[in-house]
Amino acid sequence: MVEAISCGGVVIFRGKILLLYKNYKNRYEGWVLPKGTVEEGEDHMQTALREVKEESGADATIIKYVGKSSYTFSTYSDTVNKNVHWFLMMADSFYSKPQREEYFCDSGYYKYHEAYHLLKFPNEKQILENAYADYLDMKKRGQWGRGVR
């Protein structure tokens, strides 16, 4: 078994959530949150910000850490146990441009209930639920937008 670590973001702008649509050779299709593998020398926050920028083109600021999801999948040669660390982020606009090299063919910002139902994976739905609750709580308290620096 191989251990892998990725980091990603629940990116929000004006109450809407950034999603990416992946279509890999018509075998893998679905809406996902932006995330990717930690590179050497990066911490989790750096990875999350880089992956959001690479996969979606969005500029974002980290607001807070929102949790970890784990899953296992098989490759031709091994089983991979992946842990994904998630951050709540605030985008600076509705801009997004899907990264074609990673087989993303669409992206956009969606209302919470739309995003929740579009997401392909249950673990990402759970992370979205937790992150959006934090967003609403912070907004209510007037704390939304005060990012981790």
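**Notes on the predicted model**

1. R50 comes first. With a relative accessibility of 16%, R50 falls in the buried class, because the limit for that class is under 20%. This arginine belongs to helix α1. Setting aside residues up to four places away in sequence, its contacts are T37, E39 and E42. Please keep in mind while reading that this is a predicted model.

2. Now for the overall layout. The chain has three helices and seven strands. In sequence order they run β-β-β-β-α-β-β-β-α-α. The radius of gyration is 15 Å, close to the 15 Å that the globule rule gives for 149 residues, so the chain is as compact as a globular protein of that length. Along the principal axes, the C-alpha trace covers about 50 × 30 × 25 Å.

3. Two totals go well with that layout. Buried residues make up 44% of the 149 in the chain. Among contacts with a separation of 6 or more, 68% join residues 24 or more positions apart.

4. Which residues are closest to the centre of the largest pocket? This pocket holds about 650 Å³ of space. It is lined by 26 residues, and those closest to the centre are K22, Y28, K35, Y71 and K82. By class, the lining has 12 nonpolar, six polar and eight charged residues.

5. The lining of the largest pocket draws on several parts of the chain. Strands β2 (16-24), β3 (28-32), β4 (35-37), β5 (60-74) and β6 (79-91) each give at least two residues to the lining, and so do the helices α1 (44-56) and α3 (122-140).

6. Leaving out residues up to four places away in sequence, I12 touches I17, L88, M89, M90, A91, Y132, Y135 and W144. For a sense of scale, I12 and E124 are 112 residues apart in sequence, and their C-alpha atoms lie 15 Å apart.

7. Is Y109 buried or exposed? Its relative accessibility is 12%, which puts Y109 in the buried class. The tyrosine is part of strand β7 (residues 104-110). Beyond its neighbours within four places in sequence, Y109 has contacts that include V11, F13, K16, I17 and L18. A58, A91, S93, F94, Y95 and S96 are also among its contacts. F13 is 96 residues away from Y109 along the chain, yet the two C-alpha atoms are separated by 7.7 Å.

8. I17 and A91 turn up in both of the last two points: they are among the contacts of I12 and among those of Y109.

9. C105 is also in strand β7. At 35% relative accessibility, this cysteine is partly exposed. Apart from neighbours within four places in sequence, C105 is in contact with Y21, N23, P98 and R100. N23 lies 82 residues from C105 along the chain, with 6.7 Å between their C-alpha atoms.

10. How many disulfides does the model have? The count is zero. C7 is buried, with a relative accessible area of 0%, whereas C105 is partly exposed at 35%.

11. Finally, two backbone angles deserve a look. Most residues other than glycine have a negative phi. R14, which is not a glycine, has a positive phi of about 50°. It is placed in the loop between β1 (2-13) and β2 and is exposed, at 69% relative accessibility.

12. The other angle belongs to Y103, again a residue other than glycine, whose phi is positive and near 70°. This tyrosine is in the loop between β6 and β7. With a relative accessible area of 35%, Y103 is partly exposed.

How values were computed
Residues numbered from 1 in each chain as written. Predicted model: local features only at pLDDT ≥ 70, side-chain atom pairs only at ≥ 80, totals over all residues. Heavy atoms only, no water. Disulfide = S-S within 2.5 Å. Buried < 20%, exposed > 50% of the residue type's maximum accessible area, 1.4 Å probe, protein only. 1 Å grid on protein atoms, 1.4 Å probe; cavity = no way out; pocket = protein on both sides within 12 Å on 5 of 7 lines; lining within 4 Å. Points joined across faces, edges and corners; volume = space filled by probe spheres on them. Helix = DSSP H or I, 4+ residues; strand = E, 2+ residues; numbered from the N terminus. Nonpolar A, V, L, I, M, F, W, Y, C, P; charged D, E, K, R; others polar. Rg over C-alpha atoms; globule rule 2.2 N^0.38 Å. Contact = heavy atoms within 4.5 Å.
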